[in-house]
Amino acid sequence: QKFFIIIIEQMKRIALAQINIDYENIEINVDKSFILIQQAIQNRCDMIIFPELWSSGFKLGKCPLIYKRNVLLFNDLQNISTNNNIEIIGSYINRIGDNYYNQFVCFHPGTSYSHYEKINLFPALLETKYLLNGNHTVVLPTKIGQVGASICFDLRFPSVYKEERTQGAEVFIIPAHWPMERILHWDILLQARAVENFAYVIGVNSVGKSGKILFGGHSTVISPDGLKILQAAGKKEGFHFVEIDLEQVNQYSEKYSYVQK
């Protein structure tokens, strides 16, 4: 399988893994991800980002089985992160107590992972039937700066990003599983969240057919001034590198002083 590489010269190096998610075979998804993580390591990336629920997709009726497999996957990803000094971000089915969540996870080298539970669940994919929603925003320190965590449908709720920006977020990262039929909304909303907050926005989407739905790609990086640094194809898997300069966040925050830090 071919993956396309785009390199843009700036400062913090991030890999975006736009992949197709196989709902029927977790091992296919995991094997693919490990290859891409190794490519990110070889290219000295600080971080690699995967789409929403990339290991399993939305077979939510099988949450207990998916969770058990993700426990093993988490151990592997934590070891890879620690041994190679790379952060790994995506979202996963995880369990807290007796409840299952769609959880944004960042594996950090040498320490326990950070997480955020998706606040705004998407009824059309039965999240509200099988999962419990989170109840607070999360900003986490990473190798690329202060990251505001969110997942897919959260993108439609600007209050999430405003709150995280006031908590110090410099970069918003959004693993997603966004369908092709509404990909225009994805494009517009990513740009809006950057313009509203004068922060970087990184959205990593899946692509191709998963289950019965065609997903739209367009994994994107938006700069604090609202310009697209990168936008991936809409119909092809791809592996992209981008580098960002956090000084741009400071410059725009100072220039437009009404933005709360």
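Student: Which residues do ring pairs link into a cluster?
Tutor: This is a predicted model, where local features need pLDDT of at least 70, side-chain atom pairs count only at pLDDT 80 or more, and totals for chains, interfaces and linings use all residues. Residues are numbered from 1 along each chain as its sequence is written, and side-chain values use heavy atoms, with hydrogens and water left out. Rings of Phe, Tyr and Trp (its six-membered ring) pair if their centres lie within 6.5 Å; planes under 30 degrees apart are stacked, over 60 edge-to-face, the rest tilted. Ring pairs link into a cluster F50, W54, F74, Y92, F107 and Y113.

Student: How many aromatic pairs are there by this rule, and what is the angle between the planes of F74 and F107?
Tutor: The rule gives 13 aromatic pairs. One of them joins F74 and F107, with 5.2 Å from centre to centre.

Student: Are F74 and F107 buried or exposed?
Tutor: Buried means under 20% relative accessible area, exposed over 50%, and partly exposed in between (1.4 Å probe, protein chains only). By that scale, both F74 and F107 are buried.

Student: Which residue has its ring under the charged end of R13?
Tutor: A charge sits over a ring if NZ of Lys or CZ of Arg is within 6 Å of the ring centre and within 35 degrees of the ring normal. For R13 the distance to the ring centre is 5.6 Å, and the ring belongs to F241.
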